[in-house]
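Subject: Structure handover

Hello,

Here is the structure we spoke about. Please open it beside this message and follow along residue by residue.

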Amino acid sequence: MTASLTTITSRIQALLGDDGTIFTSTICTAAVRQALSEFNRVSPIIAATLITGVDDQYEYELTDADDSSVTLLDVLRQGDNADELDIPLAFDKYIEDERIFFRLRQPVTTNDTLIARYTTYHTVSGLDSATESTIPDSDDQTLIDGACFHALMIRAASRVESINLSKDQSDNYREVASHFRTAFNLGLATLGRRKRLPAGEPSTYAWNDTYHSWGQ
């Protein structure tokens, strides 16, 4: 998505038939934030980084390489050349002080390069100090459908205890919101089926194999 928060806000207001009087930029910003949170839970960015091995070192910090990382997916040892496959490594991951670490079952050397695959979150330019919009153009409508749903629900909530109390007002907003909730759910379901998280082939070496650590 190349659209900024300002552009997305305009599209939300257009879909809801508003000029910014009812669905203000403040409401739209809150709605986009809510929709983006749901979007990221279903379809985060899958990224990878290279980490140079250290002799006899077991523990490495992923957030040292990328402080935006969210979940560690896999760790591999990079092949020596184009003809050699990357080798999945056995590891344990843990979080300490809100930082992501992994501990190798077997250490590597300084001649090895580790490939850490992980997830990070999408951002929208102009939202919460972000300077880049990372959602693909083909998926931007899903985010906008979700933002429309949340904008309508915010508006419905604001009318519950208004001076001119009218239950019908909130009910009408919720009824329209259900259309966007359905569209958002369908979009998220499509994203979930399409994006498969990568994972290395598990090691087939047995603990009692004489050569279980050979070549590792």
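This is a predicted model: local features need pLDDT of at least 70, side-chain atom pairs count only at pLDDT 80 or more; totals for chains, interfaces and linings use all residues.

Residues are numbered from 1 along each chain as its sequence is written, and side-chain values use heavy atoms, with hydrogens and water left out.

Overall layout

The chain has five helices and seven strands; both are DSSP runs numbered from the N terminus, helices being H or I with at least four residues and strands E with at least two. From the N terminus, the order of elements is α-α-β-β-α-β-β-β-β-β-α-α. Of the 216 residues, 39% are buried (buried is under 20% relative accessible area, exposed is over 50%, and partly exposed is in between, with a 1.4 Å probe and protein chains only). A contact means heavy atoms within 4.5 Å. Among contacts between residues at least 6 apart in sequence, 72% join residues at least 24 apart.

Cores

A nonpolar core is a set of buried Ala, Val, Leu, Ile, Met, Phe, Trp, Tyr and Cys residues joined through side-chain atoms within 4.5 Å. The largest one has 30 residues, and Ile8, Ile12, Leu16 and Phe23 have the most contacts inside it. Helices H1 (5-15), H2 (25-42), H4 (140-158) and H5 (167-194) each give two or more residues to this core. H4 gives the most, with eight residues. A second, separate core has 15 residues, including Ala47, Tyr60, Leu72 and Leu89.

Helix H4

H4 is mostly covered, with 14 of its 19 residues buried. The expected span of a helix is 1.5 Å times one less than its number of residues. For the 19 residues of H4 this gives 27 Å, and the end C-alpha atoms are 27 Å apart, which agrees.

Aromatic rings

There are four aromatic pairs in the structure. Rings of Phe, Tyr and Trp (its six-membered ring) pair if their centres lie within 6.5 Å; planes under 30 degrees apart count as stacked, over 60 as edge-to-face and the rest as tilted. The ring centres of Tyr60 and Phe102 are 5.6 Å apart and their planes are at 20°, so this pair is stacked. Tyr60 is in strand S2 (residues 59-61) and Phe102 in strand S6 (residues 99-104), so the pair ties together parts 42 residues apart in sequence. Phe91 and Phe102 form an edge-to-face pair, with 6.3 Å between centres and 75° between planes. Phe91 is in strand S5 (residues 91-96). Ring pairs link Tyr60, Phe91 and Phe102 into a cluster.

Two single residues

Is Gln13 buried or exposed? Gln13, in helix H1, counts as buried at 12% relative accessibility. Its side chain reaches the backbone oxygen of Phe23 at 2.8 Å.

Glu59 is in strand S2 and counts as partly exposed at 38% relative accessibility. Leaving out residues up to four places away in sequence, Glu59 touches Tyr94, Phe102 and Arg103. The side chains of Glu59 and Tyr94 make a polar contact at 3.2 Å (a pair of N or O atoms within 3.5 Å; within protein, one must be able to donate a hydrogen and the other to accept it, and residues adjacent in sequence count only if both atoms are side-chain atoms).

Regards
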